[in-house]
Amino acid sequence: MEHKVTGSIVTYNNMKTIDKTLATLFEFTKDIDFKLYVVDNGSADGTPEYIEKNYPQVEVIKTNKNIGFGAGHNVAIEKIDSEYHAVINPDIVMIENAIKEMADYMDKNGDIGLLSPEIRFPDGRIQILGKRNPHFKYLVASRMRGDEPGKLLKEYAMLDTDLSKPLEIENATGCFMMFRTSVLKEIGGFDERYFMYFEDADITRKVSKVARVVFYPDAKVSHVWARDSKRDTKLMIIHIQSMLKYYAKWKMI
């Protein structure tokens with residue numbers, strides 16, 4: 001085994017997607033030393049029981065209540081002892097051996113603390129995701145996006161830059177992040193003041209104070225992107241609350 005890599009997934013009623021996530025994850029990590037933790041935040045749909053029955057190699061940790069995204073991952077981060085740690089959404093589908101590719105690249109670049117892969121839709125289209133710090137103007141542009149990205153959204157997603165090669169970014173998407181574990185421990189993991197949303201932008205900024213944050217397009221994963229906060233009023237309120245916490249903490253708009 002070449003690498004010692006850990007991963008964590010936080011689940012909350014994810015029966016619709018978790019099997020494909022886990023099946024593809026283990027399919028593409030056969031040639032590395034990989035251990036996965038699933039932190040279940042009180043699912044009522046049988047998610048943790050299904051994982052325990054069908055994926056005995058996974059260490060399932062039950063919090064018995066919904067403590068949020070970052071806090072859930074922190075439960076696993078406290079337990080890990082690895083070179084690299086991947087934060088993975090329960091709606092990620094592996095389409096190649098991205099974890100090994102990312103670990104190999106970080107082996108060769110010891111100053112990288114966080115690596116972000118190229119994220120694609122299941123149909124192969126590239127997802128347009130923020131790579132610069134989430135200033136308010138970018139969030140408005142993202143919320144109002146149409147079929148084609150406008151000037152501000154292109155700027156936010158760095159579509160005005162050559163994304164065919166690795167480059168440093170200010171903001172890495174939380175649906176799939178690969179950390180150098182020593183850096184992740186050094187910064188203390190996720191800020192648990194964010195229940196969900198903006199914790200990825202926040203941790204990216206924390207990492208960037210001590211190491212490089214890099215977008216790595218040679219590694220690709222597929223993400224079933226629901227954009228739930230656009231349709232769910234409760235989630236929209238949580239999104240706004242997290243945004244305000246983020247802007248207050250980093251003194252920006």
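**Exercise 1.** In this predicted model, list the buried residues of helix 3 and find what they pack against.

*Solution.* 
- Start with the span: helix 3 covers residues 69–77.
- Check each position. F69, G70, A71, G72, H73, N74, A76 and I77 are buried.
- Count them. Eight of the nine residues are buried, so helix 3 is mostly covered.
- Now look for partners. The buried residues pack against strand 1, strand 2 (33–40) and strand 4. Helix 7 (181–186) and helix 8 (199–208) also pack against them.

**Exercise 2.** Work out why strand 4 is largely enclosed, and identify its pairing partners.

*Solution.* 
- Take the two faces in turn. Y84, A86 and I88 point one way from strand 4. H85 and V87 point the other way. Residues on both faces are buried.
- Draw the conclusion. Five of the five residues (84–88) are buried, so the rest of the structure largely encloses strand 4.
- Go to the pairing with strand 1 (residues 4–11). Its sense is parallel, over five bridges. Here G7 stands opposite A86.
- Then take strand 8 (residues 176–180). Strand 4 pairs with strand 8 in the antiparallel sense, again over five bridges. Here I88 stands opposite F176.

Note on methods
Residues are numbered from 1 along each chain as its sequence is written. This is a predicted model: local features need pLDDT of at least 70, side-chain atom pairs count only at pLDDT 80 or more; totals for chains, interfaces and linings use all residues. Side-chain values use heavy atoms; hydrogens and water are left out. Buried means under 20% relative accessible area, exposed over 50%, partly exposed in between (1.4 Å probe, protein chains only). Helices (H or I, at least four residues) and strands (E, at least two) are DSSP runs, numbered from the N terminus. Two strands pair if DSSP finds at least two bridges between them. Contact means heavy atoms within 4.5 Å.
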